[in-house]
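Please read the following briefing alongside the sequence and the coordinates. It moves from the whole chain to a single residue.

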Amino acid sequence: MEDKPYTLPKINGSYFLYEKSQTLGMDSAIALYRVLQKNADDSYDFSEGILNSYGYFLLRSNQTDDAIKAFKLNVEAYPNSPNVFDSLGDGYLKAGDKIHAIACYEKESALDPSNEDLKNRIKTLKAGQ
């Protein structure tokens, strides 16, 4: 490559989690993820968007419990992002757990107080309890 430096593209972290969860189970896949993160393995992309997309893939596949685990992992990795709390709330909502969903949406609202649609959503959910 004309003696110019280059970097290899990162491996999509959702593929890693998917493969490992299918063979070892979600809890073991998350444990391996944590090992990779701890050892600062830069060959994987476990960005917020990648983890979020994986969680929604699981949610659409009716693997709600695993989706919630993936969303919790994203909250752990990106605790200052309103979006990760929104996604976790969506997971809890699909699981029928309104109490935890509302708690997640309230945390999201605290991180993004300008989101009026979210405030209305919280109000509607609380009224339906």
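What follows describes the fold, the surface and charges, and then one serine.

The model is a predicted one, and its protein chain contains seven helices and two strands. The C-alpha trace, taken along its principal axes, spans about 65 × 35 × 25 Å.

**Fold and contacts**
- Read along the sequence, the elements of the protein chain come in the order β-α-α-β-α-α-α-α-α, which accounts for the seven helices and two strands.
- Of the contacts in the protein chain between residues at least 6 apart in sequence, 50% join residues that are at least 24 apart.

**Burial, surface and charge**
- The protein chain has 129 residues, and buried residues make up 36% of them.
- Its accessible surface comes to about 7,900 Å², and carbon and sulfur atoms contribute 52% of that area.
- The protein chain carries 15 positive and 19 negative side chains, and the centres of these two sets lie 5 Å apart.

**Serine 109**
- Serine 109 is part of helix α6, which covers residues 98-111.
- Is serine 109 buried or exposed? Its relative accessibility is 11%, and because buried means under 20% relative accessible area, serine 109 counts as buried.
- When its neighbours within four places in sequence are left aside, serine 109 is in contact with Leu118, Lys119 and Ile122.

Conventions. Residues numbered from 1 in each chain as written. Predicted model: local features only at pLDDT ≥ 70, side-chain atom pairs only at ≥ 80, totals over all residues. Heavy atoms only, no water. Helix = DSSP H or I, 4+ residues; strand = E, 2+ residues; numbered from the N terminus. Buried < 20%, exposed > 50% of the residue type's maximum accessible area, 1.4 Å probe, protein only. Contact = heavy atoms within 4.5 Å. Areas by Shrake-Rupley, 256 points an atom, 1.4 Å probe, with all protein chains shown as cover. Lys, Arg positive; Asp, Glu negative; His and termini not counted. Charge placed at Lys NZ, Arg CZ, Asp CG, Glu CD.
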